[in-house]
Amino acid sequence: NWVRSGIPAAEVIRSATGEAAGALGLAHRIGTIVPGKDADLLLVEGNPLDDLSNLRKVVAIVANGELISGPSAD
């Protein structure tokens, strides 16, 4: 577990998103939340910076700017 080994939660998330997108050559499209990039978002209950297990508590999923799973999508 990265957090148990001393890596801050923010760095774990950054590695799984922005860094991973860069490694795949896709940083121009995905990996960070900025204007012009694909809007793929995972909305969760709780703050993953406080506890990464909150990433398992999915409330909604947005893909390409469209709500595909969540309260209004059902």
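Which strand holds Ile-61? Ile-61 sits in strand β2.

This is a predicted model: local features need pLDDT of at least 70, side-chain atom pairs count only at pLDDT 80 or more, and totals for chains, interfaces and linings use all residues. Residues are numbered from 1 along each chain as its sequence is written, and side-chain values use heavy atoms, with hydrogens and water left out.

**View 1. An open sheet of three strands, in the order β1-β2-β3.** Pairing is antiparallel. Strands are DSSP runs (E, at least two residues), numbered from the N terminus. Two strands pair if DSSP finds at least two bridges between them. β1 (41-44) and β3 (66-69) are the edge strands, each pairing on one side only. On average, neighbouring strands are turned by 30° against each other, direction ignored. Axes for such angles are lines fitted to C-alpha atoms, and angles run from 0 to 180 degrees between N-to-C directions.

**View 2. The pairing of β1 with β2.** β2 covers residues 58-63. Four bridges join the two strands in the antiparallel sense. Leu-41 stands opposite Val-62 in β2.

**View 3. Ile-61 and Leu-67.** Ile-61 has 31% relative accessibility, so this residue counts as partly exposed. Leu-67 lies in strand β3. Leu-67 also counts as partly exposed, because its relative accessibility is 36%. Partly exposed falls between buried (under 20% relative accessible area) and exposed (over 50%), with a 1.4 Å probe and protein chains only.

**View 4. Leu-67 and Leu-41.** In sequence, 26 residues separate Leu-67 from Leu-41. In space, their C-alpha atoms are 9.1 Å apart.
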